[in-house]
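Me: Could you walk me through this one? I'm new to it, so please start with the words I'll need.

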Amino acid sequence: MRLLAGLTQEQLAITFGVTYTTINRWENRRSKLSPLAMEKIEGMLEKMKYYESAFTTGS
């Protein structure tokens, strides 16, 4: 998801209010996401899906 969005670990960390080390741990499965982090990620994915459909359908 992060790479598809063109974000660095540091940029994604700022978006979620965590450290880049936390993002690295999530990506390398050394740490589990909290329920709050999962909600933020789901929200980001929904926004990405909305923007993607807007650009591909011309809406």
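Reply: A residue is called buried under 20% relative accessible area, exposed over 50% and partly exposed in between, with a 1.4 Å probe and protein chains only. This is a predicted model, in which local features need pLDDT of at least 70 and side-chain atom pairs count only at pLDDT 80 or more, while totals for chains, interfaces and linings use all residues. Residues are numbered from 1 along each chain as its sequence is written, and side-chain values use heavy atoms, leaving out hydrogens and water.

Me: Ok, how many helices and strands does the protein have?
Reply: The protein has three helices and zero strands (DSSP runs, H or I of at least four residues for helices and E of at least two for strands, numbered from the N terminus), and from the N terminus on the order is α-α-α.

Me: Which residues of α1 are buried?
Reply: In α1, which covers residues 9-16, the buried ones are Gln9, Leu12, Ala13 and Phe16. They lie on the same side of α1 because they cover an arc of only 105° around the axis, taking directions from the helix axis to the C-beta atoms.

Me: And what's on the other side of α1?
Reply: There, Glu10 and Ile14 are exposed.

Me: What follows α1?
Reply: Gly17 comes after α1, and the phi of Gly17 is positive, near 70°.

Me: Zooming out, what share of the protein is buried?
Reply: Of the 59 residues in the protein, 19% are buried.

Me: What about contacts between residues at least 6 apart in sequence?
Reply: Among those contacts (heavy atoms within 4.5 Å), 34% join residues at least 24 apart.
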